[in-house]
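Biologist: Can you walk me through this structure? Please keep it simple.

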Amino acid sequence: MCPRTVPLCSTRVFLYLYLVQASSLLVMLNCAASSLTQLKSQNWVLAPDINSVSLMGSRKVHSTNDSKCSEKIDHGSICSGFRMLDADFFSDAKMLEIEKGARELNVPIFRSNRKLVASVNGGLENPSSLVFNSAWDHGDSQNAPERFNYPSIYGVKRPKSDEDIAFMSILELGALIKSKQITSEELTRVFLNRLKRYGPILESVVTITEELAFKQAKQADELFAQGTYLGPLHGIPYGLKDIIAVPDYKTTWGSKTFQNQVLHIEAWVYKRLKSAGAVLVAKLVTGSLAYDDIWFGGRTRNPWNIEEYSTGSSAGPAACTSAGMVPFAIGSETAGSITYPASRCGVTALRPTFGTVGRTGVLSLSESLDKLGPFCRNAVDCAIVLDIIRGKDPHDLSSRNIPFSDPFAVDITKLNVGYLDDADMDVVRKLESKGVNMIPFELNYTVDSAQGILNFTMDVDMLAHFDEWQRSGLEDEYEAQDQWPLELRRARVVPAVDYVQAQRARGRLIREVRESFKVDAFVGNATDWERVCVGNLVGIPVIVVPTGFKKISNPPTENTRRKTTVTTGIYAPPEQDHIALALAIAYQSVTENHKQRPPIDDLGPGDSIPNPPTKAIPPRQLRGL
């Protein structure tokens, strides 16, 4: 058994050790040295030399000959390793037995698995065979889903200014194209000009795909001239978060390590949009390796308050949609990267049910958490884009043909909708005035820390996709050392058994949320961190809806036009995205908040763009473990 007091330095020793990544709770003292008999007789165990091992590592990937072990180390060190795993209940003989088994059996398996599936970063290949299904009844449709019946609009006139064109909805822009008041090429030029003008100010654009954009726009115009109309996205420009691969263009993942990376892959979501006639005009900023808003080119700003940052890794899609640089954009969420930037930048955005949109060709953080979703002008546009990009991706095992009902045909007067304590009461009153039965509601569950479950799941999965990146020391180049590098070092010592226990706790959370979800939908804060964790673990959809504005704190002048956006979230059970969309559409039919434009050109008398900002908004921190 281990004594309860050990030298402090031994903890540092064992941070470097190979602690669990596969099948059992093991401490791996990886040393090519004495036999077990010699170890027992000398009462020594083998471990890395604390003076010769850097925690940051070298660029050389570890092999069987890389271990640096001293010939002697005190008994407390091996105990420290077991204690980190809460497994120091073994006898000395059993610990030595475990060490031998780890060295002779587990380490070769770990290395074989790394060589087989972990030599390339990003998780684009070899997805896990453990597939998460967010459905509550598991009644998936095997057929392609029926398309929504989009509303028709008439009498749309082309505005005189490009500024006014830039803030039109997808349906309005489509009406201009169908009535031949504007061509896709003209429309594409409007948005390319805005991307070039405001991208550097907001630090929100990675790559402008100008050549591809004009090629696709020309094709859209030619098809239309021939009498072929592909639907509401025909000829409409858009942007992609730069974790989504497009052939012949860089897919940087927002990281200086990968800033010159070109992936010869056509992401599934890009294929869907291309087949619908949409025009890709830009790859938009993702936080480095999809973590928050810091990337190799800077830090993306909030168009509504240029001194703030946008938060969340879908920073570019949120900022660019808010600023009228694209009519819509595709972002992603693993843990808040749609909800946070949409709320900060004041745009309507949908985090759909897990499995709705295929992820082939997209940087993978966690196969059971990653989701793609649209940032748009309004909820109608979100429904249109979702309808185009949803469906079964044959190469994404988690994607499904989810049989959504048509959000434009939902009778909201038959819905029972809850509202939480932090719900925006104006939304509650507006929906009530539209005939919705609004009732107080609480979402109850007994799981202590949804964040802890999410951290274990996301961080360990992420490390599996970036194992080589960490081992080779590329983490040293990362833009923010208190983000992925810190979290993934911690993930290195998560025992496999405790990862599995976290998934079991996740299953319990899902069951309890399902039992508590006694309403058709509910309204509540979209950025409550516990709710973000629960929503992503369970796979429930939420649409972020702008509901108003308030004054910024410490304004530089009383006449500033900068504002803080106010938003709310409308949540629905898995596979009931159409209900959340219908409620958001109903709310926006009687409000104008989503139509407001941020003050990019004119901050107001006496106000100017600070560079750098005088107040740094710190990155979102994971809390409360």
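Modeller: Let's start with helix α9, residues 268-275. Helix α9 lies across β6 (237-241), β7 (279-284), β12 (329-333) and β14 (371-376). It runs at about 175 degrees to β6. Angles run from 0 to 180 degrees between N-to-C directions, and axes are lines fitted to C-alpha atoms, for helices over the stretch in contact. The model is predicted: local features need pLDDT of at least 70, side-chain atom pairs count only at pLDDT 80 or more, and totals for chains, interfaces and linings use all residues. Residues are numbered from 1 along each chain as its sequence is written, and side-chain values use heavy atoms, with hydrogens and water left out.

Biologist: What counts as a helix or a strand?

Modeller: Both are DSSP runs, numbered from the N terminus: helices are H or I with at least four residues, strands are E with at least two. The chain has 19 helices and 19 strands.

Biologist: Back to β6. How many of its residues are buried?

Modeller: Five of its five residues are buried. Buried means under 20% relative accessible area, exposed over 50%, and partly exposed in between, with a 1.4 Å probe and protein chains only.

Biologist: Which way do they point?

Modeller: P237, G239 and K241 point one way from β6. Y238 and L240 point the other way. In a regular strand the side chains alternate between the two faces of the sheet.

Biologist: How does β6 run relative to β7, parallel or antiparallel?

Modeller: Parallel, with five bridges joining β6 to β7. G239 has A282 of β7 as its bridge partner. Two strands pair if DSSP finds at least two bridges between them.

Biologist: What sheet are they in?

Modeller: An open sheet of 11 strands, in the order β5-β7-β6-β12-β14-β13-β18-β19-β17-β15-β16. The pairing is mixed. At the edges are β5 (205-208) and β16 (437-440), and each pairs on one side only. From one strand to the next, the twist averages 30 degrees.

Biologist: What does β16 pair with?

Modeller: β15, residues 416-419, in the parallel sense over four bridges. V417 has M438 of β16 as its bridge partner.

Biologist: Which strands does helix α13 lie across?

Modeller: Helix α13 (residues 425-433) lies across β15, β16, β17 (521-524), β18 (542-550) and β19 (564-571). It runs at about 145 degrees to β16.

Biologist: New topic. How do α12 and α19 pack?

Modeller: Helix α12 (residues 379-389) and helix α19 (residues 577-588) pack at an angle of about 150 degrees, with their axes 8 Å apart. They are therefore roughly antiparallel to each other. The cut-offs: under 35 degrees is roughly parallel, over 145 roughly antiparallel, 65 to 115 roughly perpendicular, and the rest oblique.

Biologist: Which residues make the contact?

Modeller: From α12, A379, V380, C382, A383 and L386. From α19, D577, L581, A584, I585 and Q588. Contact means heavy atoms within 4.5 Å.

Biologist: And N302, buried or exposed?

Modeller: N302 counts as buried because its relative accessibility is 1%. Its place is in strand β10, residues 301-302. Not counting residues up to four places away in sequence, N302 touches E308, Y309, S310, R344 and C345.

Biologist: What do the buried residues of α17 pack against?

Modeller: They pack against α14 (450-465) and α18 (529-538). Among the buried residues of α17 are A496, Y499 and R506.

Biologist: How much of the chain is buried?

Modeller: Buried residues make up 59% of the 625 residues in the chain.
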